[in-house]
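Subject: Structure handover

Dear colleague,

Please find the structure below, with the sequence. My notes on it follow.

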Amino acid sequence: MKTFQVIRGGIVFELQPEPEGGYTITVPSLPGCISYGKTFEEAIDMIKDAMEGWLAVARKEGVPVPEQFESLDLAAV
């Protein structure tokens, strides 16, 4: 399966179509930040929740957060 990149709000997302349908979506600059959606739009919505959780845990644990995520408005993505 071919993976493709989408850039929204200055963030790179990688989407991979799944054989059973839908898309796995990741944020390469946030290691382990992954989600799934039945449609492209759903995948983008789902990864926002994953990013929010990733960033909350990173800040709590003192993990460095990439600069572009410091003042990110997820609603704008």
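Which residues does Phe-13 touch, not counting residues up to four places away in sequence? They are Phe-4, Gln-5, Val-6, Arg-8, Ile-25, Thr-26, Val-27, Ile-44, Ile-47, Met-51 and Val-77. Contact here means heavy atoms within 4.5 Å.

On the source: this is a predicted model, in which local features need pLDDT of at least 70 and side-chain atom pairs count only at pLDDT 80 or more, while totals for chains, interfaces and linings use all residues. Residues are numbered from 1 along each chain as its sequence is written, and side-chain values use heavy atoms, with hydrogens and water left out.

Overall layout

The protein chain has one helix and four strands, in the order β-β-β-β-α from the N terminus. Helices (H or I, at least four residues) and strands (E, at least two) are DSSP runs, numbered from the N terminus. The radius of gyration is 12 Å, close to the 11 Å that the globule rule gives for 77 residues, so the chain is as compact as a globular protein of that length. That radius is taken over C-alpha atoms, and the rule is 2.2 Å times the number of residues to the power 0.38. Along the principal axes, the C-alpha atoms fill a box of roughly 35 × 20 × 15 Å. Of the 77 residues, 32% count as buried; buried means under 20% relative accessible area, exposed over 50%, and partly exposed in between (1.4 Å probe, protein chains only).

The sheet

The four strands form an open sheet in the order S1-S2-S3-S4, with antiparallel pairing. Strand S1 (4-8) and S4 stand at the edges with a single partner strand each, so one side of each has no neighbour in the sheet. Direction ignored, neighbouring strands are turned by 30° against each other on average. Two strands pair if DSSP finds at least two bridges between them. S2 and S3 are joined by four bridges, and Gln-16 stands opposite Thr-24 in S3. Helix H1 packs on the sheet and touches S1, S2, S3 and S4; its direction makes about 150° with that of S4. Axes are lines fitted to C-alpha atoms, for helices over the stretch in contact, and angles run from 0 to 180 degrees between N-to-C directions.

Strand S4

Four bridges also join strand S3 (residues 23-26) to S4, with Ile-34 in S4 as the bridge partner of Thr-26. Ser-35 has a relative accessible area of 16%. Leaving aside neighbours within four places in sequence, Ser-35 is in contact with Tyr-23, Thr-24, Ile-25, Met-46, Ile-47 and Ala-50.

The core

The largest nonpolar core has 19 residues, of which Phe-13, Val-27, Leu-30, Met-51 and Phe-69 touch the most other members. Strand S2 (11-17) and helix H1 (40-61) are the elements that give two or more residues to this core, and H1 supplies the largest share, seven residues. Such a core is a set of buried Ala, Val, Leu, Ile, Met, Phe, Trp, Tyr and Cys residues joined through side-chain atoms within 4.5 Å.

Leu-55 lies in helix H1 and counts as buried at 5% relative accessibility. Beyond its neighbours within four places in sequence, Leu-55 is in contact with Leu-30, Val-65 and Phe-69. Leu-55 and Phe-69 are 14 residues apart in sequence and 8.1 Å apart in space, C-alpha to C-alpha.

Regards
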